[in-house]
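Let's work through a few exercises together. Have the model open beside you and follow each step.

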Amino acid sequence: MGVLGTVMGAALTAFVAARAEQRREATQNRVQSNELRVEHQRWRRERRQAAYISFLEALGTADRDNQAFFRELQARRSPVPLDEARIAAIRLKLKDAESSGLVVILEGPETVAEAAHNLVVQFASLVQDVREYAEEVAAEVLTDRGNTVHEAGMEFIAQRKAFLGTARNALDEVAKHGQSLPDAR
């Protein structure tokens with residue numbers, strides 16, 4: 001009887017120890033899984049942020065050149081030949097911004113991708129409006145195209161502001177998601 005009690009006690013102890021080890025391993029696996037998810041979220045946020053910044057920098061470079069060209073055209077009092085080289089340089093910078101925008105579209109999320117697309121479309125329209133204004137200045141045609149360019153510029157600013165807000169929200173959401181993962185200890 002004493003031997004039977006000892007054997008049963010040892011078996012019970014072994015069973016309890018095995019269950020405790022299983023729980024410890026499960027907890028450790030959950031902690032590791034959560035750490036991996038947090039690290040992935042951090043990585044995702046950093047990639048998105050880098051893509052957004054690169055896009056905004058490329059767009060800003062193209063926009064500054066486009067604005068400078070428009071202001072020079074407005075300041076001129078006499079007709080000048082159409083500066084095709086300058087227009088081509090601005091279009092090349094637009095293409096660089098479009099390429100950076102594709103990375104933003106790939107990185108997402110969908111709301112940011114849509115805002116980036118809208119911003120590129122709006123800027124391409126603005127570049128075209130400045131080109132048409134330059135053609136009119138070169139041809140000595142007086143229209144209110146300057147007002148059209150100004151309105152398109154204001155719409156571009158509004159689209160850029162919308163993009164910034166959407167991108168900031170997306171980055172904050174990734175950061176919040178990473179912080180809100182359950183801590184399994």
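Buried means under 20% relative accessible area. Keep in mind that this is a predicted model.

**Exercise 1.** Work out whether Phe55 is buried or exposed.

*Solution.* Start with the value: Phe55 has 0% relative accessibility. That is under the 20% cut-off, so Phe55 counts as buried.

**Exercise 2.** Find out how the rings of Phe55 and Phe163 are arranged, and which parts the pair ties together.

*Solution.* A search of the whole structure turns up four aromatic pairs. For Phe55 and Phe163, the ring centres are 5.2 Å apart and the planes sit at 70°. Planes over 60 degrees apart count as edge-to-face, so that's the label for this pair. Now look at the elements: Phe55 is in helix H1 and Phe163 in helix H4 (residues 145–179), so the pair links parts 108 residues apart in sequence.

**Exercise 3.** Which residues of the largest nonpolar core touch the most other members?

*Solution.* The core holds 33 residues, and the ones to pick are Tyr52, Phe55, Val104, Phe123 and Phe163. Next, see who contributes: H1, helix H2 (84–107), helix H3 (110–138) and H4 each give two or more residues. H3 gives the most, with twelve. Then zoom in on Val104: beyond its neighbours within four places in sequence, Val104 contacts Ala51, Tyr52, Phe55, Val112, Ala116 and Phe163.

Key. Residues are numbered from 1 along each chain as its sequence is written. This is a predicted model: local features need pLDDT of at least 70, side-chain atom pairs count only at pLDDT 80 or more; totals for chains, interfaces and linings use all residues. Side-chain values use heavy atoms; hydrogens and water are left out. Rings of Phe, Tyr and Trp (its six-membered ring) pair if their centres lie within 6.5 Å; planes under 30 degrees apart count as stacked, over 60 as edge-to-face and the rest as tilted. Helices (H or I, at least four residues) and strands (E, at least two) are DSSP runs, numbered from the N terminus. Buried means under 20% relative accessible area, exposed over 50%, partly exposed in between (1.4 Å probe, protein chains only). A nonpolar core is a set of buried Ala, Val, Leu, Ile, Met, Phe, Trp, Tyr and Cys residues joined through side-chain atoms within 4.5 Å. Contact means heavy atoms within 4.5 Å.
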